Amino acid sequence: MRRSFLAVALSAALVTTPSARAASDTTPAAPQDTAAKDPATKGTAPDASDLLFEQPQMKNTAPGSTLTYDYARRSGIERGPYGPPLSDTIKLTVDPGKSAESRDIRVQMFSGGNRLPAGPFTDMPGNPVLSLFLENHLKGLASLLEANPRYIKNAIRKGLRDKATVTPAPVSYKGRTVEGWRVEMKPFAGDPQSERMRGFETITYTFVVAPDVPGEIVSIQARALKPDGGELLEERLDYDQKDS
């Protein structure tokens with residue numbers, strides 16, 4: 001299976017399922033609460049990393065379909081490296097995988113002059129749009145801060161493990177309300193290097209997922225504000241229902 005570097009690094013460090021161990025090491029997994037692993041379990045908030053990286057998110061996406069995600073990025077940093085606001089789409093074309101829960105996925109990441117190479121992904125049970133978003137975001141943030149990408153990646157990984165909150169989040173889908181989850185974290189809050197982060201120590205990551213939505217990823221947002229409330233960065237991805 002071809003998976004992006006960031007997805008492997010995050011999921012291998014955060015989860016202890018057999019599939020993750022096979023990709024990373026042979027350390028036995030600790031017993032897990034099966035109720036916490038099931039997002040549909042009433043009254044039990046799942047683990048953030050499991051919810052985002054270890055669920056078979058593509059199982060309810062029909063082969064032959066296309067998932068479209070609207071992407072937007074804007075920054076309030078004057079003459080900053082992000083340039084003018086960007087609005088584009090990421091499209092995933094879904095084909096059958098080797099198992100009932102996996103899919104082969106072709107990617108169109110942005111269009112025209114914005115297009116970036118991505119994929120394809122073979123026999124993927126998870127939704128690669130999550131790692132595509134994070135990988136692209138990480139690259140931009142590391143460039144802006146002139147920081148080691150590994151430091152930022154590790155902070156996000158640790159934030160999902162130690163600082164994330166998971167709360168129920170109803171999602172509107174095709175004229176009805178379905179159950180979902182919101183994962184929110186501020187990975188750089190209290191970071192010892194915060195004085196070097198030019199205000200980005202305030203950045204908040206928000207993920208919304210819903211098992212009844214194809215691909216399960218409903219939205220992703222990374223947002224940082226200035227002390228006066230002005231915007232340093234908003235980068236987000238939203239599932240577009242028109243193609244499903």
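Here is a quick tour of this protein, from its overall make-up down to a few single residues.

What you're looking at is a predicted model, where local features need pLDDT of at least 70, side-chain atom pairs count only at pLDDT 80 or more, and totals for chains, interfaces and linings use all residues. Residues are numbered from 1 along each chain as its sequence is written, and side-chain values use heavy atoms, with hydrogens and water left out.

**The big picture**

- The protein's secondary structure comes to six helices and eleven strands. Both are DSSP runs numbered from the N terminus: helices are H or I with at least four residues, and strands are E with at least two.
- Out of 244 residues, 45% count as buried. Buried means under 20% relative accessible area, exposed means over 50%, and partly exposed is in between, with a 1.4 Å probe and protein chains only.
- The protein exposes about 11900 Å², and carbon and sulfur atoms supply 51% of that. Accessible areas come from the Shrake-Rupley method with a 1.4 Å probe, and for residues only the protein chains shown count as cover.
- Take the contacts between residues at least 6 apart in sequence: 56% of them join residues at least 24 apart. A contact here means heavy atoms within 4.5 Å.

**The nonpolar core**

- The largest nonpolar core has 60 residues, and the members that touch the most others are Ile90, Leu92, Val107, Phe200, Tyr205 and Phe207. Such a core is a set of buried Ala, Val, Leu, Ile, Met, Phe, Trp, Tyr and Cys residues joined through side-chain atoms within 4.5 Å.
- Helix α5 (residues 129-145) gives this core its largest share, ten residues.
- Leaving out residues up to four places away in sequence, Phe207 touches Leu52, Leu130, Leu134, Leu160, Trp181, Arg182, Val183, Met185, Ser219 and Ile220.

**Strands side by side**

- β1 and strand β2 (residues 86-96) pair in the antiparallel sense over eight bridges. For two strands to count as paired, DSSP has to find at least two bridges between them.
- Aspartate 70 stands opposite threonine 89 in β2.
- β2 also pairs with β3 in the antiparallel sense, over seven bridges, and a hairpin of six residues joins β2 to β3.
- Here threonine 93 stands opposite arginine 106 in β3.

**Aromatic rings**

- There are three aromatic pairs in the structure. Rings of Phe, Tyr and Trp (its six-membered ring) pair if their centres lie within 6.5 Å; planes under 30 degrees apart count as stacked, over 60 as edge-to-face and the rest as tilted.
- The rings of tyrosine 71 and phenylalanine 110 have centres 4.8 Å apart and planes at 50°, so this pair is tilted.
- Tyrosine 71 sits in strand β1 and phenylalanine 110 in the loop between β3 (103-109) and β4 (121-124), so the pair ties together parts 39 residues apart in sequence.
- Tyrosine 71 is buried, with a relative accessible area of 3%, and phenylalanine 110 is buried with a relative accessible area of 3%.
- Ring pairs link Tyr71, Phe110 and Phe133 into a cluster.

**The loop between α4 and β1**

- Glutamine 57 lies in the loop between α4 (48-53) and β1 (66-74), and at 1% relative accessibility it counts as buried.
- A polar atom of the glutamine 57 side chain lies 3.0 Å from the backbone oxygen of leucine 52.
- Not counting residues up to four places away in sequence, glutamine 57 touches several residues, among them Pro125, Gly126 and Asn127.
- Proline 56 is found in the loop between α4 and β1 too, and it counts as buried at 16% relative accessibility.
- Proline 56 and proline 125 are 69 residues apart in sequence, yet 4.6 Å apart in space, C-alpha to C-alpha.
- Neighbours within four places aside, proline 56 is in contact with Glu101, Pro125 and Glu216.

- The peptide bond from glycine 119 to proline 120 is cis, with omega near 0°, and proline 120 is found in the loop between β3 and β4.
- Aspartate 123, in strand β4, has a phi near 55°, a positive value in a residue other than glycine.
- Lysine 174 is not a glycine, but has a positive phi of about 50°.
- Lysine 174 lies in the loop between β6 (171-173) and β7 (176-178), and is partly exposed with a relative accessible area of 47%.

Definitions and conventions
Polar contact = N/O pair within 3.5 Å; in protein donor to acceptor, adjacent residues only side chain to side chain.
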